[in-house]
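Please examine the sequence and the three-dimensional structure shown below.

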Amino acid sequence: MLSFQDKLNAAFDAVRPKGPDGPEYRNTEVAAALGELGVKVTGSYLGLLRNGERDNPTVNVVQGLAAFFDLDPVYFLTPTTPQAAEKVAGIHRDLMQLAEWRDKGVLAFALRAMLLEQDSGQLAEAAKVLLEQVMELRRTDRESGQESGGSRE
């Protein structure tokens, strides 16, 4: 079973502030963004969560992290049913896939290809379709989570 530390670090790894080639968010950046959402947390506390020294954040922190990383809050919780466990595993697989694609340059390629000149229309169109499919999968996963009892409060 994935620890809270594993899940949080996967979110930090997969979701980047300046696109797929950008650096990871810093703990202080996420803490500041959570503060704007009304969640009081420090960068140091996020560091403790990320290195496993703390592993039981409040519901507000979980909801804030889920909102910040655009994930279903259930991802950060300990699953209590087989369905919840499968959902958490699916979200984690998606995050790992995004990170792998970033590492292989697939996402950067897709984004750059969309900016190519008109004479490269076929390549740009293929990249656009790929990126749209990735975004659609993420949207479908979020919506299916809400229909199966997930909450975005």
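A84 is found in helix α5, where a helix is a DSSP run of H or I with at least four residues, a strand is a run of E with at least two, and both are numbered from the N terminus. With a relative accessibility of 17%, A84 counts as buried; the term buried applies under 20% relative accessible area, exposed applies over 50%, and partly exposed covers what lies in between, with a 1.4 Å probe and protein chains only. A84 and V74 stand 10 residues apart in sequence, and their C-alpha atoms are 7.4 Å apart in space.

The model is predicted, so local features need a pLDDT of at least 70 and side-chain atom pairs count only at pLDDT 80 or more, whereas totals for chains, interfaces and linings use all residues. Residues are numbered from 1 along each chain as its sequence is written, and side-chain values use heavy atoms, with hydrogens and water left out.

The chain as a whole may be considered next. Its secondary structure consists of seven helices and zero strands. Of its 153 residues, 37% count as buried. The chain exposes about 9200 Å², of which carbon and sulfur atoms supply 53%; such areas come from the Shrake-Rupley method with a 1.4 Å probe, and for residues only the protein chains shown count as cover. A contact is defined by heavy atoms within 4.5 Å. Among contacts between residues at least 6 apart in sequence, 55% join residues at least 24 apart.

Which residues of α2 are buried? They are V30, A31, A33 and L34. These residues cover an arc of only 165 degrees around the axis, and therefore they lie on the same side of α2; the arc is that of the directions from the helix axis to the C-beta atoms. The buried residues of α2 pack against α1, α3 and α4. After α2 comes G38, which has a positive phi near 90 degrees.

Helix α4 has its own set of buried residues, namely V61, V62, G64, L65, A66 and F69. V61 counts as buried because its relative accessibility is 5%. Apart from neighbours within four places in sequence, V61 is in contact with V39 and L49.

Just after α4, D70 takes a positive phi of about 60 degrees. Most residues other than glycine have a negative phi. D70 belongs to the loop between α4 and α5, and it counts as partly exposed because its relative accessibility is 28%.

The interior can now be described. In soluble globular proteins, nonpolar side chains tend to be buried together. A nonpolar core is a set of buried Ala, Val, Leu, Ile, Met, Phe, Trp, Tyr and Cys residues joined through side-chain atoms within 4.5 Å. The largest such core has 28 residues, and L65, F69 and F76 touch the most other members. Helices α1, α2, α3, α4 and α5 each supply at least two residues of this core. The helix that gives the most is α1, with six residues.

Aromatic rings form a further theme. Rings of Phe, Tyr and Trp (its six-membered ring) pair if their centres lie within 6.5 Å; planes under 30 degrees apart count as stacked, over 60 as edge-to-face and the rest as tilted. How many aromatic pairs does a search of the whole structure find? The search finds five. In one of them, the ring centres of F4 and F76 are 5.6 Å apart and the planes stand at 45 degrees, so this pair is tilted. The pair links distant parts of the chain, 72 residues apart: F4 is in helix α1, and F76 is in the loop between α4 and α5. Both F4 and F76 are buried. F76 also forms an edge-to-face pair with Y75, at 5.1 Å centre to centre and 65 degrees between the planes. Y75 is likewise buried.

One aromatic cluster is formed by F12, Y25, F68 and F69. The charged end of R50 sits over the ring of F12, 3.7 Å from its centre; this description requires NZ of Lys or CZ of Arg within 6 Å of the ring centre and within 35 degrees of the ring normal.
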